[in-house]
Amino acid sequence: MDLIQYIDLVFTDYTLRTITLGTAVLGAICGMLGSFAVLRKQSLLGDAISHAALPGIAIAFLIIETKNSSVFLLGALISGLIGTFWIRGITRKTHLKSDTALGLILSLFFGFGMLLLTYIQKMPNANQAGLESYLFGQAATLLESDVWLMAIVTGISLIILLLFWKELKILLFDADYTKTLGFNTKFLDILITTFIVIAIVLGLQTVGVVLMSAMLLAPAAAARQWTNNLAVMVILAAIFGAFSGVLGTAISASNNNLSTGPVIVLVAGVFVLFSFIFSPGRGLLFREIRFRKNRSDLELHKTLSFMYNIAKTHEDTTHPHAIKILNNFQGFTRKSLQKLEDKDYVKINGNMWSMTASGYHTAANLYDQLIKEENE
Amino acid sequence: MSNAQIEIQLIASMVAIACAIPGTFLVLRKMALITDAISHSILPGIVIGFFITHDLSSPLLIILAAASGVLTVVLVEFIQKTGLVKEDTAIGLVFPALFSIGIILISKNANDVHLDVDAVLLGELAFAPFDRLTIGGVDIGPKSLWIIGTILLITITLLFAFFKELKVSTFDAGLASALGLSPVVMHYGLMTISSITTVGAFDAVGAILVIALMIAPAATAYLLTNDLKKMLLLSVIFGVSSAIIGYWSAHALDTSISGSMTTILGLIFLFVYLFAPNKGLFSVLYRQKQQRIEVSLLTFLLHLGNHNDDESERHVKHLNEHINWQKVKAKSVLDLALKNNMITIEKDIIFLTEKGKNFTKEAIDYILTNKNSEIEHMKDRFFLFRG
């Protein structure tokens, strides 16, 4: 199926439209709130919470005994919040570190959830088929109402973010200062954590417990590489998230036997990889290029100053010297000599080189220049 | 108890011990979450191994899976070293990606192979006794018993052989490298053992229980002791008891064994978290309250000392207004001071006693010199009744 056909299908086919919209909205909200999680060094909170939500879903089913995704969401939200606050309690009140606390809550809650799930499976009303989909996610089970719910929650969290933008921003970068300014840091902390939990819970049905953390992290980690500005990062992360959702859905829809969740996560992973390598400011590629350029500049300077020291001994500084005498010098290569000539610092005549007046001047002021550049 | 039941409990207990040992070190090294990453990211290794051998318990599978576990660690460290993101983000990016690859591999080929994601994630201990290992036609016990037994043996041997090195490199990596013990070797050794244990255990109990068995017993033990040997011993005890209690509660409730083992671990942790003698929640809250009252008492006595000549400043009613304490708190501080013979009250005017004066004087000395040892000493010498 070609691209145009597919785009056409997205607008006509109900299921595909719902899933595409759903994953796009989900990606956007996750990217938006994930930015905060990443910057607050709470990246793995998402992983812990998504696992901790499982018993809530199971208990919700045990209480109402039918499949109802909004009640499940409520259960997941409650148990996710309990997990979050227990993690905070453990790290605040005991000497256990946050990694231990996260791992504990993650595995203990999930294990309890599995206990409940296996218990439910043995119950007579085998209506529980939907519960399994929360483990690995099934985007195909998304309904229009789910998408509406996601859109509404996204809207609310957007409003909250805009309302508390200044406060959240300052909390993010200097929590102590925020406190001395008289802001209620505890409230702000709980506010943003609660919204992160909500985003995670919303995503469970689509990408599942295990992969939810990547959904939260990947767009934000990718966006982080392109900017140092929080607002730009949040917007970029939302865009990356939405694109991962749409692209992931497209890829999994046009192939048989490809579950949507993992594909979305991998697409988001590709975004991250691309950003890691190609982002102009921080990316590995440009960093390597800068590194190489600096090194060759340095070698050039070394050669130039070596030549300068030789030329200095003559009264006539432009007196030619044999290239051979440079051979023992490490910074010297044919290429660097060529470059020096291009810059008109030296003149090469057969096997001899001689410094030009401008080369002599540059070499004499080499270190002054560096200092000047630093000051600029 | 039937034969199969004994075997299940034996496997579960051995898994618990094999996990508790590396788990203790991981918790102490603040790397608990790497187990989470490893247990998920061994999936592609297992799937690829399974496609090659079509046997869930072949050694190749374990090797490939352990290799993908170590690969996770290497990848995480590589990403971290680039400085582009923090360590936790690096972990959170790597393992879902590897796990996704695993799931896609399974779902792409699920039609012709029997490999269930559920089974990989959750394991099924109840079926472990049915997969027997036979040598020359003789049945020598369940396969997973042998696998986990071998891993356990290796772990224990390595633990005894390198206990000193592990201990030093865990608590003081700088000292370890100064002594010529390479912390890097210890680090990767521990990571390899954790990967192998995770792989070996998860065939029997599933990925999530492995995390629980590694972290929960060690974390619980860490709340009870600061001694490495005791911590190891305690975490082994917690692991094994949760395995056995978990098995029987699963038996009674007819649910998944790994789920109920985790739940028991959770209950044990919750209990210790609340009631541990020195580090439990209640004792921490109690201590914090005590310290608050002690500080208030000190403030109060200093206030009295400062206003030795001004009676109005020492009026009982004045406390509420001037030091800005609520009534209940003011009264409890006053009672405490009275009980300790620090003050006497005559006609609602408070006087410092001789003991109170000495105490205040020393307290000021302490505040000025700020030596921690002195204040502990002071509390004993003045026979302070605590709040």
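**Figure 1. What covers the buried residues of helix 6 of chain B?** The cover includes helix 1, strand 1 (132-135), strand 2 (138-142) and helix 9 (183-205) of chain B, where helices (H or I, at least four residues) and strands (E, at least two) are DSSP runs numbered from the N terminus. The model shown here and in every other view is predicted, so that local features need pLDDT of at least 70 and side-chain atom pairs count only at pLDDT 80 or more, while totals for chains, interfaces and linings use all residues. Residues are numbered from 1 along each chain as its sequence is written, and chains are lettered from A, and ligands numbered from 1, in the order in which they are written. In helix 6 of chain B the buried residues are Lys143(B), Ser144(B), Leu145(B), Ile147(B), Ile148(B), Ile151(B), Leu152(B) and Thr155(B); a residue is buried if 20 or more other C-beta atoms lie within 10 Å of its own, exposed if 12 or fewer, and partly exposed in between, with C-beta atoms placed from the backbone. Helix 6 (residues 143-161) of chain B has 19 residues and reaches 27 Å from its first C-alpha to its last, close to the 27 Å expected at 1.5 Å a residue, the expected span being 1.5 Å times one less than the number of residues.

**Figure 2. Helix 1 of chain B carries a kink at Ala20(B).** The kink is of about 25° and lies shortly before the proline Pro22(B); the bend at a residue is the angle between axes fitted to the seven residues ending there and the seven starting there. The end C-alpha atoms of helix 1 (residues 3-28) of chain B are 38 Å apart, which agrees with the 38 Å that its 26 residues should span at 1.5 Å a residue. Helix 1 of chain B is followed by Lys30(B), whose phi is positive, near 60°.

**Figure 3. Chain A and chain B meet in a contact that takes 48 residues from chain A and 52 residues from chain B.** Two residues are in contact if their C-beta atoms, placed from the backbone, lie within 7 Å. On the side of chain A that touches chain B, the elements that give two or more residues are helix 5 (98-121), helix 10 (185-224) and helix 12 (260-278) of chain A, and helix 5 of chain A gives the most, with 15 residues. The residues of this side of chain A divide into 27 nonpolar, 13 polar and eight charged, where Ala, Val, Leu, Ile, Met, Phe, Trp, Tyr, Cys and Pro count as nonpolar, Asp, Glu, Lys and Arg as charged, and the others, Gly among them, as polar. The model scores ipTM 0.83 and pTM 0.82.

**Figure 4. Three strands of chain A form an open antiparallel sheet in the order 1-3-2.** The edge strands are strand 1 (321-322) and strand 2 of chain A, each of which pairs on one side only; two strands pair if DSSP finds at least two bridges between them. Strand 2 (residues 346-349) and strand 3 (residues 352-355) of chain A pair in the antiparallel sense over four bridges, and they form a hairpin with two residues between them, in whose turn Gly350(A) has a positive phi of about 65°. Across this pairing, Asn349(A) stands opposite Met352(A) in strand 3 of chain A, and Lys347(A) stands opposite Ser354(A) in strand 3 of chain A.

**Figure 5. Lys41(A) and Asp254(B) are two loop residues with positive phi.** Most residues other than glycine have a negative phi, and most peptide bonds are trans. Lys41(A), although it is not a glycine, has a positive phi of about 55°; Lys41(A) is found in the loop between helix 2 (14-39) and helix 3 (45-64) of chain A, and counts as partly exposed because it has 13 C-beta neighbours inside 10 Å. Asp254(B), also not a glycine, has a positive phi of about 60° and lies in the loop between helix 11 (228-253) and helix 12 (257-275) of chain B, where Asp254(B) is exposed, with 9 other C-beta atoms within 10 Å.

**Figure 6. Ala357(A) lies in helix 15 (residues 357-364) of chain A.** With 11 C-beta neighbours inside 10 Å, Ala357(A) counts as exposed. The C-alpha atoms of Ala357(A) and Thr317(A) are separated by 7.7 Å, the two residues being 40 residues apart along the chain.
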